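Here is a short report on one protein model. Keep the structure open beside the text and find each part as you read.

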Amino acid sequence: MLMALLLSATLTSAQTAILPPAFPWNGASRALAVPANDAWVTPSEATGFRTTPRYDETIAYLRKLVAAAPQLKMISLGKSDEGREIWLVIASKERAFTPDALRRSGKPTLFAQASIHAGEMDGKDAGLMLLRDMTVRGTKRELLDRANFLFVPIFNVDGHERFSRFNRINQRGPEEIGYRTTSRNLNLNRDYMKADTQEMRAMIRALREWQPDLYIDLHVTDGADYQYDITFGGNGTFGWSPSIGAWMDATLRPPVERGLREMGHIPGQLIFTEDPLETGIIDGVEDPRLSNGYGDASHIPSILVENHSLKPYDQRVLGTYVFLEQVLRVLGSEGASLRAAIAADRTRRFDPVPLTWRVPDGEPQTIEFLGVESRKTLSAISGDVRIEWLGKPRDARVPFRKTTEVATSAKRPVAYWIPAAWRDVIAKLELHGIPFERIAAPREVDVEMDRFSAPKFDAQQFEGHVRVTATATPERRHVRYPAGSVRVATDQPLGTLAVLLLEPASNDSLFQWGFFDSILSPTEYVESYIMEPMAEQMLAEDPKLAEEFRKKIDSDEAFRGDARARLQWFYQRTPFYDELARLYPVGRETR
Ligand SMILES: [Zn+2]
């Protein structure tokens, strides 16, 4: 009884998250919201941004809007793992409702997706307002004169319907929200390369079909407190698409930030550090498993938007609206220069191809940072430093580090050869839109192949996979590839993406994600009664081998004490040993 009382008392006191103080806000963008009695009020506006609509209510609003607006059409990109449709709204003045028609329109196209993390649904409610204002209400109709707009209101549709007051402990509204991950507990923003989910496969197909000029992924932060209400960025000028990065820095960011400020918002760089006033901020390259990393690797200009979770919901939704509006304006006037940047990056052939980056040595530059005052004390609960955000602005110059230096890279081969049996791997390349040649008859090719040793599996699974890395020793081989095998040339716009998927040293390679685990186990064995006399004979016939064995015994204590390893050492030196053991089946065609 006492236990039950204590338990219920705890539950009651933990019903509301204790957030740091809010900043007062009354931006000019408030005027964008229509009154509750407007015929086209969105569900969230109708409650003064206290709530966000469920999936059915969202789709019902959009259906009504599409029925009334000739510039709009809704199509399904496919179904989620739980069977919900993922809707795309196409906004086009000329009613160019197919990928071909949209391309023929000649106008640049913005593709924005909301709710990839369905607790972060600011983009959904902003998009509904903007689509209405571009069409039936007419206040932003001119945006469609010079650009097309594609909008996915809810990407993680299953997570969105896991609706609760308790899904985000660090977010100021709306009252109830969806959940970060999908019905299979997968994070869509880690799924861009491996594409495990139906949701991601639908999105990747959509990106290939619709070929947007700009791709925006709308989120809400976790983490530190600061004054900015909307932060955004991409992989910068030092990733896989430097020309696109330069366009975003020089052409997109300044007018978008200006437009946001004019409407009362506080835009900034992406901030992923816990205590930026203390440690500064880092501008890094995201791996391609994430939306903006994937966009960068495949030369689709991509922007990650992180609204600040501690700002009130109305401020965040309105900031997203202004952001999308400003981006559409820039796209309308600067579409030609963006397309030139895309073309430059699509013809770029990195060799070597950077795989990871780091911050170079030396003093970092500094930037002005709009932070929040904090107090740090020793915590009796954690035993570590406790940080309390005090709700008072504090501006300071902080270090701004950029990961401009390549840390690891891989040689770019002329082509990769994937044997026909690896159908799942070939299917991934096909999904990603990477062109390849499939051979109809067997072909003999000289290739370089990696022989793995010392494979290491992570102790924990990550996104349903156990990451594996291994030491690779390349060797030259003459291989007969069966019919149905594929040759993936790297001299193509998606060549760098192919390298990132197929080089085992790449963090997001299909090898590290575990698609090739089966090759890591030797599958034939030898008995000691066979290996003992053979080893004797080998030692007697080959003095060099005998010397090598003696040295190994002397220098390697673990080996010395491992009877099986000692016999295995000889087995590996007989022609009976599996010559394909731990051989990465993907071959590199080199010059
Ligand atoms: Zn997110």
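This is a predicted model: local features need pLDDT of at least 70, side-chain atom pairs count only at pLDDT 80 or more; totals for chains, interfaces and linings use all residues.

## Two paired strands

Start with β3 and strand β4 (residues 148-152), which run parallel and are joined by 5 bridges. Helices (H or I, at least four residues) and strands (E, at least two) are DSSP runs, numbered from the N terminus. Two strands pair if DSSP finds at least two bridges between them.

Residues are numbered from 1 along each chain as its sequence is written, and side-chain values use heavy atoms, with hydrogens and water left out.

## The eight-stranded sheet

β3 and β4 belong to an open sheet of 8 strands. The order is β1-β2-β4-β3-β5-β9-β6-β7, and the pairing is mixed. Which strands stand at the edges? They are β1 (72-79) and β7 (267-268). Each has a single partner strand, so one side of each is left without a neighbour in the sheet.

Helices pack here too. Helix α3 (residues 55-68) touches β1 and β2 (85-91). Contact means heavy atoms within 4.5 Å. The direction of α3 makes about 145° with that of β1. Helix α12 (residues 313-347) lies across β3, β4, β5, β6 (230-233) and β9 (302-307). It runs at about 170° to β5. For such angles, axes are lines fitted to C-alpha atoms, for helices over the stretch in contact, and angles run from 0 to 180 degrees between N-to-C directions.

## A glycine in β6

Now find G233 in strand β6. Is G233 buried or exposed? It is buried, with a relative accessible area of 11%. Buried means under 20% relative accessible area, exposed over 50%, and partly exposed in between (1.4 Å probe, protein chains only).

G233 touches R253, L270, N292, S302, I303 and L304, not counting residues up to four places away in sequence. Take S302: 69 residues separate it from G233 along the chain, yet their C-alpha atoms are separated by 8.4 Å.

## The zinc site

Which protein atoms are the donors of the zinc ion? They are H117 (ND1), E120 (OE), E120 (OE) and H219 (ND1), lying 2.1 to 2.8 Å from it. Donors are N, O and S atoms within 2.8 Å of the metal (3.2 Å for Na, K and Ca); water is not among the atoms, so sites may look incomplete.

The donor residues are spaced H-x2-E-x98-H in sequence. E120 and H219 link distant parts of the chain, 99 residues apart. E120 is in the loop between β3 (109-113) and α5 (122-134), while H219 is in strand β5 (residues 214-220). Both E120 and H219 are buried.

The site is irregular, with angles of 51 to 151° among its 4 donor atoms. Four donors count as tetrahedral if all angles lie between 85 and 135 degrees; four count as square planar and six as octahedral if opposite donors are over 155 degrees apart and all others between 65 and 115; anything else is irregular.

## A second sheet

Another open sheet has 3 strands, in the order β8-β12-β11, with mixed pairing. β8 (281-283) and β11 (365-378) stand at the edges. Each has a single partner strand, so one side of each is left without a neighbour in the sheet. The twist averages 35° from one strand to the next.

β8 and strand β12 (residues 385-402) pair in the parallel sense over 3 bridges. There, I282 stands opposite R401 in β12.

## Nonpolar cores

In soluble globular proteins, nonpolar side chains tend to be buried together. A nonpolar core is a set of buried Ala, Val, Leu, Ile, Met, Phe, Trp, Tyr and Cys residues joined through side-chain atoms within 4.5 Å. The largest one here has 126 residues. Those with the most contacts inside it are L131, F149, I216, F323, I418 and F516. Helix α12 gives the most to this core, with 14 residues.

Leaving aside residues up to four places away in sequence, F323 touches I216, I230, F232, V256, L260, I303 and V305. Apart from this core lies another, of 14 residues, among them A224, F369, W389 and V398.

## The whole protein

The protein comes to 18 helices and 19 strands. Of its 591 residues, 53% count as buried.
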